[in-house]
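Thanks, everyone. Let me put the model up, and then we can walk through it together.

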Amino acid sequence: MTTIEDRVEQGRRPSLGDGRRDGGERPGFGQRAWATVFAFPYLAHLVVLTAWPVLALAYFSLTDYDTLSSPRWVGLDNFRRLFGDEAFWRSLLNTAYFAVLFVPTQTILALLLAVALNQRLRWISWLRSAYFVPVVSSWVVVGYVADAVFNPQFGMANTVLGWLGLPPATWLQSPVLVIPTLALVAVWKGVGYMMVLFLAGLQNIPEELYEAAKIDGASAWQRFRRVTLPGISGTTFLVLVLSTITTLQAFEQVYVMTGPMRGQPAGQPNGASEMTVLFMYQQGFEFFNMGYASAVAWVLFALIFILTMVQLRLQKKWVHYA
Amino acid sequence: MRMQRFSPGRRLVALAGVAALAATMFGCGAGSAESDGRVTIRLGYYAEAGGPADKTMRSLADEFMKANSGIKLELESAPYTDFFKRLRTQLAGGRGPDVWLSDGVLVQEYAGRNSLRDLSDFVKTINTDDYYGVDLNRDSDGHVYGFPQGAQTPVLFYNKKMFADAGVAEPTGDWTYDDLTAAAKKLTRDTNGDGKPDVWGMRVYSPGFTESWWPMIKAFGGDIVADGGHKVVIDSPQSRAGLDWMLNAMYTEKAGPDVVTTKALGSPHTMFASNRVAMQFGIYARTIPANAAKIDLGVAPMPKGPAGRGHVAIANSWVVNKAANQRKAEAAWKWITYFASEKPQTNWAGIGEAIPINKKVAASDVFLKPGTPPANRQAFLDALAEADDLGLNPVWTEYTTAVANQIDRALAKEKPVGDALTDAQRDAQQIIDRFYANK
């Protein structure tokens, strides 16, 4: 990362201290002091709210720590216990299942919407806004709406199934359907944001490419396949990475939709929707196992890191940057 | 733009300013609490801001300070969930309240983690026979870490109008679980003609197990933990009989909504108040929503099972921070005994949230004949006198979650009852053993 001081040294920018532009001289004490003063809020934030918690988390993961009494060193016991904990593995599987359903569905749907709405029509901005509304709604509101839609007794979803001649389903109360239902609602809420990213990507593709393709006799599908998709591959990569991280960190939605509204702990029915972050929250904040929860956090971090690295490596094969 | 170069002195001033700002941001200032000679204690409690409980607590605190001029109370309150979240953070940072109101099931969780002062010596100075619930806070070694503030115990709630409309005789103290099933079956109706019941006789299942499977298992002779909360004993034929009764009532007799339907109907606490069920096991606090909905409310003793009525109780309690010094602890104890005395308990009973722990107040018309249903409030007192605790120990939340997960699966018919009980016993025992092994 280039800092102000680097830039001053390189002589690429006017210095903040004394206005000298001759890049050969090292900054004086005044410049350094003022750079420190201006950087202080960010540095303080970084140290106090990021670096220190990360270091503390590393330490706590190696201790038995209940937050009320002093941590007791247990070495790698938390990690050993974690790898043998059936509930942890189930939460990881639930998270993976959620990701497999959510990431491709949201990505494809967002792309299709963006292509459909990337036109100069009269009401197009209203339509784009309509798809974006769920993005700015809170999960509590969305949770109540979803509860009304998927309620097995009175919900609209079962009414629709009835019109189609299908039997009613129990949706969020079913151990089989709860994760697909959560994924469906998550797609509904998140697709507008990803659509906006795709729209930005689409609008960056030069019109001449489409004209050239048309002159060469390319069909609409061929133009989409050969011009649009490569043109937005960078955006697609961004959408995939963001969606994957979102699913691995899923908490708010699960917490709101699978528990408290029915006066029960989150993750219902009976742990079928317990994702890894919820598992971590319950261990740390409900069961006083903060050391164990810290170990979960590290494993989750490692997973997100590895997945992102894999995606970064794979993107070289299919992402085209202009 | 050319910027002015500052002198070393001005730089120093600027840096000092930043340091001062940082010091303010990170809260270096801790006020002195006892500068006027009075002992100041921070008192925490959970209540909705501005609600009846909050207002009553503040007025009682004012009266207490008038009567005890040497003690100043600083009140800290928040709604239940926020209060306990904040409390955990405060205690972790060494800045917890000196005395706070604890959910009864959490007293041993905090005591077991060395956060609470042992009140045994204070408790010896009073006659504990004058109060309900003192023994519910006694741990396996006989220490008392909390003193009751208000008590809760489930009894059988019933809707008198629904019973009259169906021509069913109201529950009595002689009812057995068979009588309960038979009456519930008669009260179950399909009101919209779709071939499925939409009003049921009894809410059999609830995620709040104090009003569901816990007393039922006990009534059939089973139990959840023994040996002072050290040993899980739920895997027994008696527990199985209790759960089988529930399965039979929900799925065979169809006298109560099954697990999925119960959850689909929203909060289980609103089902009785919305006339969805004619009966439920309910703690005293459930009289508030029932009366607010103008239900023609009656209460009766819990039905008799093969091994009794399975009474359980929770005593929400005042606890004292272990970090509080002797002077503060004595002031806190003064507040606790004040709150347990007749006038504050009478005021508190007026809110209708809890059974008074002062036996005189509980036996008075203030509690027994307040002018609002239910009439037979003596049922609560009879239950309280016989009630066991809810298997309290320092890992109560974690082990009961593990047990509830398995039992809920059995009651949702996702797993055979026998397997669920075996797994519940194994999972819960592991949690308890792990805690004590590390202590």
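A:D64 is partly exposed, because its relative accessibility is 26%. Keep in mind that this is a predicted model. The partner here is A:R72. Its side chain meets that of A:D64 in a salt bridge, with N to O at 3.6 Å. A:R72 has a relative accessibility of 36%, so A:R72 also counts as partly exposed.

Why can such a pair form? Side chains of opposite charge can pair when their charged atoms come close.

How many salt bridges does the structure hold over all chains? The count is 20. Let me take a few from chain B.

Start with B:D121 and B:K124. They form a salt bridge, and the closest N and O atoms are 3.4 Å apart. Buried or exposed, B:D121 and B:K124? Both are exposed.

Next, B:D165 and B:K161. Their side chains meet in a salt bridge at 2.9 Å, N to O. Look at where they sit. Both are in helix α6 of chain B, residues 160-166, and they are 4 residues apart, so about one helical turn separates them. B:D165 is exposed, and B:K161 is exposed too.

Then there is a network. Which residues of chain B are linked in it by salt bridges? They are B:K415, B:D423, B:R426 and B:D427.

Now the domains of chain B. The domain assignment gives two entries for this chain. Domain 1 covers 39-153 + 314-384. Domain 2 covers 155-310 + 395-438. Taken over C-alpha atoms, the centres of domain 1 and domain 2 of chain B lie 28 Å apart.

What about the contact between them? On one side, 23 residues of domain 1 of chain B take part; on the other, 21 residues of domain 2 of chain B. Together these two domains of chain B bury about 1700 Å², and 65% of that is on carbon and sulfur atoms.

How many salt bridges does the rule find across this interface? It finds 0 between domain 1 and domain 2 of chain B. Polar contacts are another matter. Between domain 1 and domain 2 of chain B, 7 residue pairs are in polar contact, with both residues at pLDDT 80 or more.

Stay with the side of domain 1 of chain B that touches domain 2. Helix α16 of chain B, residues 378-386, gives the largest share of that side, with 3 residues. By type, that side of domain 1 of chain B divides into 12 nonpolar, 7 polar and 4 charged residues.

That's my part. Questions, please.

How values were computed: Residues numbered from 1 in each chain as written. Chains lettered and ligands numbered in written order. Predicted model: local features only at pLDDT ≥ 70, side-chain atom pairs only at ≥ 80, totals over all residues. Heavy atoms only, no water. Domains from an automatic or database assignment. Contact = heavy atoms within 4.5 Å. Buried area = accessible area lost by both parts, 1.4 Å probe. Salt bridge = Lys/Arg side-chain N within 4 Å of Asp/Glu carboxyl O. Polar contact = N/O pair within 3.5 Å; in protein donor to acceptor, adjacent residues only side chain to side chain. Helix = DSSP H or I, 4+ residues; strand = E, 2+ residues; numbered from the N terminus. Nonpolar A, V, L, I, M, F, W, Y, C, P; charged D, E, K, R; others polar. Buried < 20%, exposed > 50% of the residue type's maximum accessible area, 1.4 Å probe, protein only.
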